[in-house]
Amino acid sequence: MSGLNGEDHETDCGIVLSEVYLYLDLECSEDRRTLIQKHLDDCDGCLREYGIEHEVKALVSRCCGDEKAPRELRDRLRIKLDQLEVQVETREFLP
């Protein structure tokens with residue numbers, strides 16, 4: 001079965017499962033959501049795994065949904081995130 005990027009089905013399952021939280025949190029593009037939803041509709045294995053992930057997320061939300069981190073913690077995290085430096089590794093292939 002061809003999937004998200006025209007690759008074999010097994011690879012696509014790994015991609016879908018690695019992005020399931022982005023999908024659940026509506027943090028991916030609409031195009032990506034559509035591709036992931038189509039894959040979940042067509043793949044029983046991923047759909048089962050997605051169901052488990054969805055249930056865990058719903059349980060955490062019900063149990064901890066109203067709790068907020070202390071203001072001091074949020075402020076410290078914002079400062080750390082502002083200081084975060086992202087490093088990107090590139091590789092060039094020479095002929």
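Residues are numbered from 1 along each chain as its sequence is written, and side-chain values use heavy atoms, with hydrogens and water left out. Because the model is predicted, local features need pLDDT of at least 70 and side-chain atom pairs count only at pLDDT 80 or more, while totals for chains, interfaces and linings use all residues.

Start with the overall plan. The chain has five helices and zero strands. Its elements run α-α-α-α-α from the N terminus on. Helices (H or I, at least four residues) and strands (E, at least two) are DSSP runs, numbered from the N terminus. Of the 95 residues in the chain, 19% are buried. Buried means under 20% relative accessible area, exposed means over 50%, and partly exposed lies in between (1.4 Å probe, protein chains only). Now take the contacts in the chain with a separation of 6 or more: residues 24 or more positions apart account for 48% of them. A contact means heavy atoms within 4.5 Å.

Next, look at helix α3, residues 30-42. It has 13 residues and reaches 18 Å from its first C-alpha to its last, close to the 18 Å expected at 1.5 Å a residue. That expected span is 1.5 Å times one less than the number of residues. The arc is that of the directions from the helix axis to the C-beta atoms.

Helix α4 can be read in the same way. Its 21 residues reach 30 Å from first C-alpha to last, close to the 30 Å expected at 1.5 Å a residue. Cys-46, Tyr-50 and Glu-53 are its buried residues. Their arc around the axis is only 65°, which puts them on the same side of α4. On the other side of α4, Asp-44, Arg-48, Arg-62 and Cys-63 are exposed. Glu-49 also lies in α4. With a relative accessible area of 30%, Glu-49 is partly exposed. Glu-49 and Cys-13 are 36 residues apart in sequence, yet 10.0 Å apart in space, C-alpha to C-alpha.

Now turn to the core. In soluble globular proteins, nonpolar side chains tend to be buried together. Here the largest nonpolar core has 10 residues: Cys-13, Val-16, Val-20, Tyr-23, Leu-24, Ile-36, Leu-40, Cys-43, Cys-46 and Tyr-50. Such a core is a set of buried Ala, Val, Leu, Ile, Met, Phe, Trp, Tyr and Cys residues joined through side-chain atoms within 4.5 Å. Helices α1 (9-18), α2 (20-24), α3 and α4 (44-64) each supply at least two residues of this core. The largest share, three residues, comes from α2. Cys-46 touches Cys-13, Val-16, Leu-17, His-39 and Leu-40, not counting residues up to four places away in sequence.

The core also holds two tyrosines, Tyr-23 and Tyr-50. Rings of Phe, Tyr and Trp (its six-membered ring) pair if their centres lie within 6.5 Å; planes under 30 degrees apart count as stacked, over 60 as edge-to-face and the rest as tilted. The count comes to one aromatic pair. Tyr-23 and Tyr-50 form it edge-to-face, 5.7 Å centre to centre with 75° between the planes. The pair links distant parts of the chain, with Tyr-23 in helix α2 and Tyr-50 in helix α4, 27 residues apart. Tyr-23 is buried, at 5% relative accessible area. Tyr-50 counts as buried too, at 18%. The charged end of Arg-33 sits over the ring of Tyr-23, 4.3 Å from its centre. A charge sits over a ring if NZ of Lys or CZ of Arg is within 6 Å of the ring centre and within 35 degrees of the ring normal.

Asp-12, in helix α1, counts as buried at 0% relative accessibility. Asp-12 and Ile-36 are 24 residues apart in sequence and 9.4 Å apart in space, C-alpha to C-alpha. Glu-19 is in the loop between α1 and α2. Glu-19 is buried, with a relative accessible area of 18%. Leaving aside neighbours within four places in sequence, Glu-19 is in contact with Arg-32 and Ile-36. Leu-26 is in the loop between α2 and α3. Leu-26 has a positive phi of about 55° although it is not a glycine. At 59% relative accessibility, Leu-26 counts as exposed.
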